[in-house]
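Open the model in a viewer and keep the selection panel at hand.

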Amino acid sequence: MSTHETAHLTGVSKTMLLTVHARAEHTLSDRPRFTDPAAVELVSRLDYDFTIAGQDRLMADGVVLRTLTLDPLVAGYLATHPGCTVVNIACGLDTRFQRLDDGHVTWYDLDLPDVIELRRRLLEDGERHRTIPASALDFAWPDHLEDVSRDVLVIIEGLSMYLEQEEVRTLLDIIAARLPGATVLIEVMSRLFQRYGRERSVEDAGARYTYGCSSAAEFRRTVAPGFTLLHDVPFTRTIARYHPLLAPLTRLPLVDKLAERIVVLRAPV
Ligand SMILES: C[S@@+](CC[C@H](N)C(=O)[O-])C[C@H]1O[C@@H](n2cnc3c(N)ncnc32)[C@H](O)[C@@H]1O
């Protein structure tokens, strides 16, 4: 593998360069709340100008917050479902496997073919860590999974906000049809932020937010009707965990309405 790789990506796929940079930058910060040395190495090997990514605090802080929200949920699932299968949809250059691998999980990272081609130049697949070059909206992607009789966790981070509502529904329909009983962790942007929030680095990448939903109950009802809603974790809860003085603010109804969240669902059996 060569030392430097050039990324020729556009639109939504380009946004994965922003998110891996945010995790690398946080790792190198004075008091990191998580560390991701693999992200640091990836960024150092990418021939890409990260100046705008480094200037967009809203985007970078959001990525740190969602990592701090999702990592404990995934680690908790691995701890309670030893030997499970994880499917990480729209993985980009995510290195959660490297951060959380428990030595037993079988982990699939799925993204569009161009992204997986770049990813494979930077990171090698392994026996328990494989990549799937496919659209998440293609009904055939579950064919790549070797054994779906085991417990399956599906992670969908940083994708739903770039889809249309019908596409979010299609993605959940695929999971319902092909992965019965799977647990799904999906990041959902609030409708208010989707409509009025601006992140300069995302706009610069040529991507825009097209889907938002303001509550977990509404999400289940509109795009995941066959699923059971287990619970949801607004990012404001993570803020309150790390900054207890802000906790009362995070409970205000308007702040809750603005918050991004991880919705936790169980696919029908
Ligand atoms: C903001 S990045 C998120 C990457 C990663 N989850 C993270 O948090 O670092 C969005 C990702 O969605 C991927 N993506 C967009 N449309 C997709 C589709 N139809 N199927 C699979 N991946 C898709 C892009 O290629 C890109 O890697």
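Helices (H or I, at least four residues) and strands (E, at least two) are DSSP runs, numbered from the N terminus. The model is predicted, so local features need pLDDT of at least 70 and side-chain atom pairs pLDDT 80 or more, while totals for chains, interfaces and linings use all residues. Residues are numbered from 1 along each chain as its sequence is written, and side-chain values use heavy atoms, with hydrogens and water left out.

Now display the polar contacts (pairs of N or O atoms within 3.5 Å). Start at R66, where a polar side-chain atom lies 2.7 Å from an oxygen atom of the ligand. Move to A136: a polar backbone atom there is 2.8 Å from a ligand nitrogen atom. At E157, a backbone N or O atom lies 2.9 Å from a nitrogen atom of the ligand. The ligand taken alone exposes 590 Å², of which the protein buries 95% (Shrake-Rupley method, 1.4 Å probe).

Which pocket does the ligand take up? Its space is the largest pocket (more than half of the ligand's atoms lie within 2 Å of the grid points). A pocket is an open set of points on a 1 Å grid over the protein atoms alone, with protein on both sides within 12 Å along at least five of seven lines; lining residues have an atom within 4 Å of a point. This pocket holds about 1,000 Å³ of space, a volume being the space filled by probe spheres set on the points. Of its 50 lining residues, select R66, M161, E187, M189 and E260, which lie nearest the centre. The lining divides into 31 nonpolar, 10 polar and nine charged residues.

Finally, go to the second largest pocket, with a volume of about 350 Å³. It is lined by 16 residues, and R33, D61, V64, L68 and H243 are closest to its centre. Helix 4 supplies the largest share of this lining, six residues.

Note on methods. Polar contact = N/O pair within 3.5 Å; in protein donor to acceptor, adjacent residues only side chain to side chain. 1 Å grid on protein atoms, 1.4 Å probe; cavity = no way out; pocket = protein on both sides within 12 Å on 5 of 7 lines; lining within 4 Å. Nonpolar A, V, L, I, M, F, W, Y, C, P; charged D, E, K, R; others polar.
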